[in-house]
Amino acid sequence: MVTRRSTTVYLWELAWILPSFAIPVGMLAALAVAAFGAGINVTGDQGRIDPRRVAEHPLFKEPGVVEIAPGQYEVRMTARIWSFTPNEIRVPAGSTVHFWATSQDLVHGLLIPRHNINVMLLPGQISHAQARFDTPGEYPIICHEYCGIAHHTMAGKIIVEPRR
C-alpha cells in the first residue's frame, strides 16, 4: 500500500532546510569579504617569551620606533600596568608602521581607532600588526582591556607629521 505525503509538509521542510544552508554560506562569504576585501586580519601569535624577561628579548630591549626601510617603521612596544612604552610615536605621513608588542604583566589592549589595529596583548605573547598612516594628525593609542583601577589613564598617541 502506497501512502502519499502531503505537499504542505514538504514545503515546511524546505523552508527550514534552505536557511540552514544559506546562513553558513552567507557567513563564509562575510568572512571572506572581511579577510580579503576589508583587510581585517587576525593577529597571529609571533612567539612567546617569559613575561618577566621581556626587557631581555632583542625586540623589546630598547622599545621605540625604528626605520627599517624608506617609508617603513617598526614600533617595538611594551605594555605594563597603565602605560605603553613608547608612549608617543612620531612617523611621517605615508608611512607603514609595523607594531611588535607584548605585555609584561596583565592582559592589555592596543587599539588605534580608524586604523586596522585592535590587538589583545597577553603577558609574554608577541603580537604583530601593521597599519598605514597617510593623513597627518594625532591618533590615540588606547588600552581597550580593563587592566585595573587606573585603566582609563593608559593611553598614548601617534603623531603623523606632514612629509617634507
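Q: Buried means under 20% relative accessible area, exposed means over 50%, and partly exposed lies in between (1.4 Å probe, protein chains only). Why is D50 called partly exposed?
A: D50 has a relative accessible area of 28%. That value lies between 20% and 50%, so D50 is partly exposed.

Q: What kind of model is this, and how are residues numbered?
A: This is a predicted model, in which local features need pLDDT of at least 70 and side-chain atom pairs count only at pLDDT 80 or more, while totals for chains, interfaces and linings use all residues. Residues are numbered from 1 along each chain as its sequence is written, and side-chain values use heavy atoms, with hydrogens and water left out.

Q: What makes the contact between D50 and R52 a salt bridge?
A: A salt bridge needs a side-chain nitrogen of Lys or Arg within 4 Å of a carboxyl oxygen of Asp or Glu. The closest N and O atoms of D50 and R52 are 3.0 Å apart. That is within 4 Å, so the pair counts. R52 is exposed, because its relative accessibility is 75%.

Q: How many salt bridges does this rule give?
A: The count is six.

Q: What makes R76 and E74 a salt bridge, and are they buried or exposed?
A: Their side chains meet at 2.8 Å, N to O.

Q: Which residues are linked with R90 and E88 in a network of salt bridges?
A: The network links E88, R90, K157 and E161.

Q: Why is the pair of F133 and Y139 called tilted?
A: Rings of Phe, Tyr and Trp (its six-membered ring) pair if their centres lie within 6.5 Å. Planes under 30 degrees apart count as stacked, over 60 as edge-to-face, and the rest as tilted. The structure holds one aromatic pair. The ring centres of F133 and Y139 are 5.6 Å apart and the planes stand at 55°, so the pair is tilted.

Q: Are F133 and Y139 buried or exposed?
A: F133 has 0% relative accessibility, so it is buried. Y139 has 6%, so it is buried too.

Q: What makes a group of residues a nonpolar core, and which members of the largest one touch the most others?
A: A nonpolar core is a set of buried Ala, Val, Leu, Ile, Met, Phe, Trp, Tyr and Cys residues joined through side-chain atoms within 4.5 Å. The largest holds 26 residues. F84, F99, L110, F133 and I158 touch the most other members. β3 (72-80) is among the elements that give two or more residues to this core. β3 gives the most, with four residues. A second, separate core of six residues includes I49, L59, F60 and I126.

Q: How do you know that β6 is mostly covered?
A: Strands are DSSP runs (E, at least two residues) and helices likewise (H or I, at least four), numbered from the N terminus. Nine of the nine residues of β6 are buried. S95, V97, F99, A101 and S103 point one way, T96, H98, W100 and T102 the other way, and all are buried.

Q: What makes β6 a partner of β3 and of β9?
A: Two strands pair if DSSP finds at least two bridges between them. Eight bridges join β3 to β6, and these strands run parallel. Q72 stands opposite T96 in β6. Seven bridges join β6 to β9 in the antiparallel sense. A101 stands opposite S127 in β9. Both counts reach two, so both pairings hold.

Q: Why is H108 called buried?
A: H108 has 0% relative accessibility, so it is buried. H108 is found in strand β7 (108-112). Contact means heavy atoms within 4.5 Å. Beyond neighbours within four places in sequence, the contacts of H108 include W82, C143, E145 and M154.

Q: Why does H57 count as partly exposed?
A: H57 is at 22% relative accessibility, so it falls between 20% and 50%. H57 sits in the loop between β1 (45-48) and β2 (64-69). Leaving aside neighbours within four places in sequence, H57 is in contact with I49 and I126.
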